[in-house]
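Take a moment with the sequence and the model.

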Amino acid sequence: MWICDNLSISKEGRLTFAGRDAVSLAEKYGTPLMLLDEGRIRRRCREYKKAMEESFGGGSMPLYASKALCFKEIYRIMRDENMGIDVVSPGELYTAKEAGFPLENAYFHGNCKTDEDIRLGVSEKIGCFICDNIEEITALNEEAGRQGRKQKVLLRLTPGIDPHTHAAISTGKVDSKFGVAIETGQAKDFVKLALSLPNIRLAGFHCHIGSQIFEYKPFVDAAEIMFKFIAEMKTEFGYETEELNLGGGMGVRYVESQPTIDYSANIAGIGKTLSEMSGRLGVKMPKILMEPGRSIVADSGMTLYGVGGVKRIPGFKNYVSIDGGMTDNPRYALYQSEYTVLLANRPTEKADGEYTVAGRCCESGDLIQENVPLPSPKRGDILAVLTTGAYNYSMASHYNRIPKPPIVLLSEDGGEKLAVRRETFEDMARNEL
């Protein structure tokens, strides 16, 4: 029945999440409310670490992709679990620093790092820059020189892989806005430049082919292309690659029709290919990095909403309106993303019709999901949207001047912690003069 094993039904017949009564939590903290299963996040971190160490060798490690979900407590969890992180903005870098995360274990992404971004990253002694283009690495070399540092970098390359996901989350094709293409020969020139810069230490290469990928073969295809490039750079420049970052992108189950992914098995399959290629091409096995984000936090999240009203248009459509929407979850508006939706206070009742879940914004596209089977919703019901841990809070906005919801962490020992308080109207107006 359930898409995730942290869901169940209480003896009162209400939805539970991470062993807690979801309706009681909604009553305590109000709605909209984002819940996070902290134990599940920690277990997934450990699964990635163990699988990567076993399949790729010592020194290999996962880097949590901050863009999936960024707030102080998530970095404290990553620090406790000995994870690395990748950050894609100075704001994520700042948040990680404020949380006490050791920035020597952080990798700084981004296809348009400003001079201020570069200055901040170097001054904070961030572990590694992932350089996207020639202008960036040139500016980084100059800034590192001014600060008397030799900065470690990876070069972001595009391997020309199309994993057949949504166009907006496919990033490995030749014409991607990210990185430098191998196929065009520009990547080789990028390597040559990096090796010539006095304040740059080239540690290796990075690629990322896309997101929400359920098969591991696209990762194997990308790894084969990257290993051939590594061998070519050894022949061309005598350069031995220390690190290879294969990015993130493994999928997550949002609805019953999607498969459950065995992340450890996927990693083992990739590792087998890398080991074989290392021997066949005569290159040493580099330290392998990966950047799981969605697969760390997505199914550890749930969002609860209060139902405001129900509108039935005979012969056309039924709407159930909620007190949140695209301001806290824009993914349906952007990507038509699928979600599983339930009434938390009546999860086992038989559906009597299909309903479109509509947000409160003055926007016809403010929908969370369409054609959802539900048991006759009514004002005051608590509606639960599952698998909202990734790219919901991190993409939230103040459209229509709606405050962002709080985040409550549910721990394995039965405790709970308010990690992000509910925004107030005063919070939204704080910087306005």
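Which residue just after α1 takes a positive phi? Gly-30 does, at about 85 degrees. This is a predicted model: local features need pLDDT of at least 70, side-chain atom pairs count only at pLDDT 80 or more, and totals for chains, interfaces and linings use all residues. Residues are numbered from 1 along each chain as its sequence is written, and side-chain values use heavy atoms, with hydrogens and water left out.

Start with the sheet. It is open, with 3 strands in the order β1-β2-β3 and antiparallel pairing. Strands are DSSP runs of E, at least two residues, and helices are runs of H or I, at least four, numbered from the N terminus. Two strands pair if DSSP finds at least two bridges between them. β1 (7-9) and β3 (20-21) stand at the edges with a single partner strand each, so one side of each has no neighbour in the sheet. Strand β2 (residues 15-17) is joined to β3 by 2 bridges. Here Thr-16 stands opposite Asp-21.

Asp-21 also caps the N-terminal end of helix α1. One of its side-chain oxygens lies 2.9 Å from the backbone nitrogen of Val-23. In α1 (residues 22-29), Ala-22, Val-23, Leu-25 and Ala-26 are buried (under 20% relative accessible area; exposed is over 50%, partly exposed in between, with a 1.4 Å probe and protein chains only). They cover an arc of only 160 degrees around the axis, which puts them on the same side of α1. The arc is that of the directions from the helix axis to the C-beta atoms. Glu-27 and Lys-28 are exposed on the other side.

Notes:
A polar contact is a pair of N or O atoms within 3.5 Å; within protein, one must be able to donate a hydrogen and the other to accept it, and residues adjacent in sequence count only if both atoms are side-chain atoms.
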